[in-house]
Amino acid sequence: MRAVRVRLAVGACLLLCVGWGPSRSNAIVKGPYVQNVTTVACTIMWELRSPDVGTVSYGTTADCPFEVGTTTPHTIHELALGGLTPDTVYYYRVSSGGVRSRMFTFRTAPTSHRPFRFVVYGDNRSYPAVHARIARLIKREEPDFVVHTGDLVNQGTVYDQWETEFFTPASCYLPYVPIFPTVGHHEQNAANYFRFFSLPPPERYYSFRWSNMEFFTYDCIRGGKELTDQIAWLEASLKASAAEWKAIWCHVPIYCAGGHGGSKSLRALVQPILDRVPVDLILAGDSHLFERTFGIARRSVPNAWPTIHITTGGGGAPLYKAGKGIWTATTRSVHHICSFHVDGQKLTMKAIDVDGRVFDTLSLDKSTPPDQIVYLEDIEASEATK
Ligand SMILES: [Fe+2]
């Protein structure tokens, strides 16, 4: 089935690139694209130029024997497919606005500990030509899902930018691979972000699980009680999680030596959680570069699990100058993606630049903490002398 999926995916991607895909039709202006894929469900979304009804035909065979539809006209369609079988390839097509899309596929999440791959990137805003190259790199990795660290468009309140800066450049992978985004500065807290994505509730912050890993995000651009309530949710959710691997992602990093640097106010909120709950990865964007830290832990907390922080904001926006802190393992000012592979207790990461060259790798084994550790007390001492 995987071979079928790949052939269909590559063929459809080529057709989209030469303008025969549904996003170029008279009626469908965005998508279709897959959202919120779980072990048993998925949401298919698309946008029409003008309101109309629509249906999704789907199934595990290319004749798509099942159908769900709307009875009231909309421009943005969001149709949930339920009762699906875990770890299974589904075919689907949409009929809406007087046109029928071509066939696409997606794969449901596994219930067992199947190996999986995911790609993380962010800050693609403003430069769709670079974003399109990044999207093709993502497609080539054949990820099960994509995690985005925010700043998908330059101005979230400007409706047209969602098509030109995000949906069109990313159209090679969006019909096949679910994306799990987070809110960045440039989303401007706009309704458009929540209109165009169907995410686990309550959407501004949420978690999702894939195999033996769970991911948690929060809207770090908020302040005051809106932020502290999310931080309380984050700690409670992390403590309740039985997943072997845990990752947090949000827009602004708490350890980053380049670009805008890390946020000390967020660090004051998040680091105490990391002192209490083992978290393997924190993924962020905001600074348009790549920076990976050594494992960071507080020396004075016995058995504190060292967390690796990765700033990956190289999705297309103008690059920022890299910097080096005492926590920095690798940094590079380059457009890139991070491709992760998880197989039971092993996690590996390749940072791949826009020309397809691997420039950093990471290999973790859950049975032992990361071997290179920087202690928080030493970070604070080095910052005090600056
Ligand atoms: Fe930002």
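Helices (H or I, at least four residues) and strands (E, at least two) are taken here as DSSP runs, numbered from the N terminus. Residues are numbered from 1 along each chain as its sequence is written. The structure is a predicted model, in which local features need pLDDT of at least 70 and side-chain atom pairs count only at pLDDT 80 or more, while totals for chains, interfaces and linings use all residues.

The confidence of the prediction, expressed as pLDDT (the predictor's confidence in each residue, from 0 to 100), averages 93 over the protein, and 93% of the residues score at least 70. Over residues 1-25, however, the pLDDT is below 50, and this stretch has 32 contacts in the model beyond near neighbours in sequence, where two residues are in contact if their C-beta atoms, placed from the backbone, lie within 7 Å.

The protein is divided into domain 1, residues 2-107, and domain 2, residues 116-384, with bounds that come from an automatic or database domain assignment. Taken over C-alpha atoms, the centres of domain 1 and domain 2 are separated by 28 Å. To the contact between them domain 1 brings 24 residues and domain 2 brings 19 residues. On the side of domain 1 that touches domain 2, at least two residues each are supplied by α1 (2-17), β1 (28-35), β2 (42-52), β5 (74-81) and β8 (104-107). Of these elements, β1 gives the most to that side of domain 1, with seven residues. By residue class, the side of domain 1 that touches domain 2 consists of 14 nonpolar, seven polar and three charged residues; Ala, Val, Leu, Ile, Met, Phe, Trp, Tyr, Cys and Pro count as nonpolar, Asp, Glu, Lys and Arg as charged, and the others, Gly among them, as polar.

Strand β1 also holds P32, and the peptide bond that leads from G31 to P32 is cis, with omega near 5 degrees. A cis peptide bond likewise joins P201 and P202, where omega is about 5 degrees, and P202 is found in the loop between α4 and β12 (206-210). As background to these cases, most residues other than glycine have a negative phi, and most peptide bonds are trans.

D151 is found in the loop between β10 (145-148) and α3, and D151 is buried, with 28 other C-beta atoms within 10 Å. A residue is called buried if 20 or more other C-beta atoms lie within 10 Å of its own, exposed if 12 or fewer, and partly exposed in between, with C-beta atoms placed from the backbone. Q188 has its place in the loop between β11 (179-180) and α4, and Q188 counts as partly exposed because it has 17 C-beta neighbours inside 10 Å.

Helix α3 covers residues 159-167, and within it Q161, W162, E165, F166 and F167 are buried. Seen down the axis of α3, these buried residues fall within an arc of 150 degrees, so they line one face of the helix; the arc is that of the directions from the helix axis to the C-beta atoms. Their cover includes β1, α2 (128-141) and α4 (191-196). T164 also lies in helix α3, but T164 counts as partly exposed because 14 C-beta neighbours are inside 10 Å.

Helix α5, residues 224-240, has 17 residues and reaches 25 Å from its first C-alpha to its last, close to the 24 Å expected at 1.5 Å a residue, the expected span being 1.5 Å times one less than the number of residues. The buried residues of α5 are Q230, L234 and L238. They fall within an arc of 70 degrees when seen down the axis of α5, so they line one face of the helix. What covers the buried residues of α5 includes β13 (213-217), β14 (245-249) and α6 (264-276). On the other side of α5, the exposed residues are G224, K225, T228, A232, A236, K239 and A240.

The C-alpha atoms of K346 and L199 are separated by 28 Å, with the two residues 147 residues apart along the chain.
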